Amino acid sequence: MTAVQDVKSRADIVEVVSEHVTLQKAGRNYKANCPFHAERTPSFIVFPERQTWRCFGACATGGDVITFVMKVENQDFAQALAALAQRTGVQLPSREQRSRYDGLYRLNDEASEYFRRVLESQEGANAREYLRRRGLDNETAHRFGLGLSPGGREVLLRHLLGRGHAEEQVLAAGLATGSGAGGVRDMFQRRLMFPILDSSGRVAGFGGRALDDGTPKYLNTPRTPVFDKGGILYGLSMARESIAGAGSAVIVEGYMDVIAAHQHGFSNVVASMGTALTEQQVGLLRNVTSNYVLALDPDNAGREATLRSLESSWRALQIDYVRAGGRSGIVFSQRHLNASLNVAPLPTGRDPDELIRSAPGEWERLVAEAQPLMDFLMDALPPRFDLGSDDGRRQLLDAIAPFVRSEGNPFTYRRYLRRLAETVALSEPELERYVWRSQRQPAAGAGRRAASAGSAGVPAPVSLEEHCLSLLLRHPELRERGVDILPDYFEQSENRDVFTKWLACDTIEEIGRSVPVDLADHLHTLLNTDEPPLNIKERERSLHSVVNRLKERYYKVQELALLEGLEDADWTDIAGLEQSQDRAREINQQLKGLYSGTDSG
């Protein structure tokens with residue numbers, strides 16, 4: 001997760017906007033008189049599910065929480081980001097730190113290429129045979145950048161030193177270990193190497209699998225300034241588009257599970273690399289999907305470690321922030337996401353890798369029929385306890401209580417409470433007191449609020465915007481077709497800032513110098529996005545298509561706000577209703593014109 005993403009995931013837009021205007025509930029959204037121009041009828045709408053805002057009056061603009069702070073405080077992107085980072089407790093890297101990070105990424109790139117060459121050499125024959133036995137073809141191995149760390153204590157270290165890197169840098173990247181006194185040696189020796197890419201598609205670290213009886217079986221890069229296992233999902237950079245298309249992310253544990261899934265066409269699969277889902281990992285997925293499926297070995301469902309892992313994953317979707325900052329000192333913000341966590345229990349003794357290779361249809365069925373986590377636990381846990389004894393029933397309650405407490409929907413909370421009460425033969429009030437006995441009851445029913453429904457019919461913002469920018473940045477011949485795109489089509493502030501720099505600059509180098517240092521990673525991602533080879537006509541058609549979709553979203557957001565506004569409208573205000581009706585007709589005409597070639601927006 002980048003610093004910009006981290007800030008935006010923590011800075012709730014409703015909370016930030018409400019410090020400047022008085023918001024009123026309007027359906028799923030909030031409305032107010034626009035703080036940027038004088039008006040009598042509220043035309044300023046905040047969309048909490050999308051974490052965006054828009055003025056439908058004279059301003060006719062909008063954006064995300066960073067854009068709002070930029071406009072209301074008259075700040076540029078870097079200033080607004082810094083203010084929100086201070087508010088949310090996010091530490092932004094300095095220019096010096098950023099330069100250091102870039103050096104670590106370069107080291108990892110060189111190491112990855114070196115490992116790949118070793119795999120392809122005579123030394124890699126046994127490793128290639130292992131991959132063949134595991135059913136991996138050459139194309140898949142190349143796509144995931146698989147390699148082999150050489151034998152010997154200092155082979156990689158000497159290679160990197162010979163290319164001008166300092167020993168301290170190699171140690172900082174986690175590619176070597178030890179000290180001057182005990183001798184510095186390669187971290188990975190004779191292991192099948194899996195490059196681990198961050199959300200920007202850069203090599204942040206490695207996983208290494210022993211090919212003999214070496215221990216540990218898997219060895220990961222230690223935590224470094226650019227690698228934290230809890231903040232990365234293996235395979236996400238390659239799975240993002242498929243996850244958005246499928247509407248869900250399937251989460252497994254291991255590298256081979258992900259690779260086998262992608263090779264067999266299930267490319268919405270990522271790996272948590274043996275950890276429970278963290279808030280950082282959920283943040284990486286949030287803009288892509290809110291539906292998650294955990295592929296779980298049924299033998300593990302009742303084990304204490306697995307229950308703790310499931311509880312952590314469940315809580316990560318019910319994100320609570322208590323943070324320092326804001327005008328009042330300590331700010332409490334609790335936001336429940338419209339997210340679902342389902343479980344696909346696998347056949348006993350079969351991990352995803354094996355199941356996908358031997359029975360892909362069975363894998364597809366199990367994922368499609370995945371149960372909501374609470375339903376799965378309600379079925380899986382009771383048979384594991386002696387419900388004929390008081391101790392057995394108490395043990396069941398202790399195992400399942402954390403999940404019940406974390407349920408964010410009051411209707412499903414009550415349904416699970418009722419079902420559990422029947423299972424352990426307690427009244428609902430008695431059971432509820434026990435479930436909450438070790439927890440302080442959240443104020444005003446927090447922890448049991450209904451998750452808001454998503455904005456139906458409005459596409460997710462990030463992939464469209466970034467695809468459009470990637471086309472414009474990488475293909476200068478498209479500039480003439482891009483200059484008429486409105487900045488307001490970009491809801492995400494980082495994308496809008498890059499687009500406005502693209503409009504003002506003539507070269508990529510000039511853009512790179514003009515974007516804030518905190519957007520350097522984002523610009524790098526946009527410039528290095530994988531795309532199929534297209535000729536000029538195909539690129540023009542692709543740009544035309546994505547711009548039309550951005551326009552469609554722009555108009556649909558306006559349409560949605562207009563319709564929800566009518567729910568609270570003053571029906572005696574004939575002039576206001578006629579104005580809304582005229583605007584609805586205008587939006588409808590714009591939408592019709594998009595694909596008939598008559599759009600004027």
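Q: What share of the accessible surface of the protein belongs to carbon and sulfur atoms?
A: The model is a predicted one. The accessible surface of the protein comes to about 27,700 Å². Of that surface, the part that belongs to carbon and sulfur atoms is 48%.

Q: What percentage of the residues in the protein is buried?
A: The protein is built with 26 helices and 18 strands. It has 601 residues, and the buried ones make up 51%.

Q: Among contacts between residues at least 6 apart in sequence, what percentage joins residues at least 24 apart?
A: The count takes in contacts in the protein between residues at least 6 apart in sequence. Of these, the share that joins residues at least 24 apart is 66%.

Q: Which residues is Leu-146 in contact with, leaving aside its neighbours within four places in sequence?
A: Leaving aside neighbours within four places in sequence, its contacts are Arg-116, Leu-119, Leu-131, Leu-136, Ala-141, Met-193, Phe-194, Pro-195 and Ile-259.

Q: Are helices H17 and H18 roughly parallel or roughly antiparallel?
A: The axes of H17 (residues 390-406) and H18 (residues 410-424) come within 11 Å and cross at roughly 175 degrees. Angles over 145 degrees count as roughly antiparallel. H17 and H18 are therefore roughly antiparallel.

Q: How many nonpolar residues does the contact of H17 with H18 have?
A: From H17, the contact is made by Arg-393, Leu-396, Leu-397, Ile-400 and Val-404. From H18, it is made by Tyr-413, Leu-417, Leu-420, Thr-423 and Val-424. By class there is 1 polar residue and 1 charged residue, and the number of nonpolar residues is 8.

Q: Are H16 and H18 roughly parallel or roughly antiparallel?
A: H16 and H18 pack with their axes 11 Å apart, at an angle of about 0 degrees. Angles under 35 degrees count as roughly parallel. H16 and H18 are therefore roughly parallel.

Q: How many charged residues are in the contact of H16 with H18?
A: Met-374, Asp-375, Met-378 and Asp-379 of H16 meet Arg-415, Tyr-416, Arg-419 and Leu-420 of H18. The residues of this contact include 4 nonpolar and no polar ones, and the number of charged residues is 4.

Q: How many of the residues of helix H16 are buried?
A: H16 spans residues 373-380 and is mostly covered. Its buried residues are Leu-373, Met-374, Asp-375, Phe-376, Leu-377, Met-378 and Ala-380.

Q: Is Lys-501 buried or exposed?
A: Lys-501 has its place in helix H22 (residues 493-504). Not counting residues up to four places away in sequence, Lys-501 touches Ile-511, Ser-514 and Val-515. The cut-off for buried is under 20% relative accessible area. The relative accessible area of Lys-501 is 19%, so Lys-501 is buried.

Q: How far apart in space are Leu-236 and Leu-284, C-alpha to C-alpha?
A: Leu-236 is in helix H10 (residues 236-246) and is buried, with a relative accessible area of 2%. Beyond residues up to four places away in sequence, Leu-236 touches Ile-243, Val-270, Leu-284 and Leu-285. Leu-236 and Leu-284 are 48 residues apart in sequence, and their C-alpha to C-alpha separation is 8.7 Å.

Q: Is Gln-281 buried or exposed?
A: Gln-281 lies in helix H12 (residues 279-286). Leaving aside neighbours within four places in sequence, its contacts include Lys-229, Gly-230, Leu-233 and Ser-272. Leu-233 is 48 residues from Gln-281 in sequence, with the two 6.4 Å apart in space, C-alpha to C-alpha. Relative accessibility is 0%, so Gln-281 counts as buried.

Definitions and conventions
Residues numbered from 1 in each chain as written. Predicted model: local features only at pLDDT ≥ 70, side-chain atom pairs only at ≥ 80, totals over all residues. Heavy atoms only, no water. Buried < 20%, exposed > 50% of the residue type's maximum accessible area, 1.4 Å probe, protein only. Helix = DSSP H or I, 4+ residues; strand = E, 2+ residues; numbered from the N terminus. Contact = heavy atoms within 4.5 Å. Axes fitted to C-alpha atoms, helices over the stretch in contact; angles between N-to-C directions. Parallel < 35°, antiparallel > 145°, perpendicular 65-115°, else oblique. Nonpolar A, V, L, I, M, F, W, Y, C, P; charged D, E, K, R; others polar. Areas by Shrake-Rupley, 256 points an atom, 1.4 Å probe, with all protein chains shown as cover.
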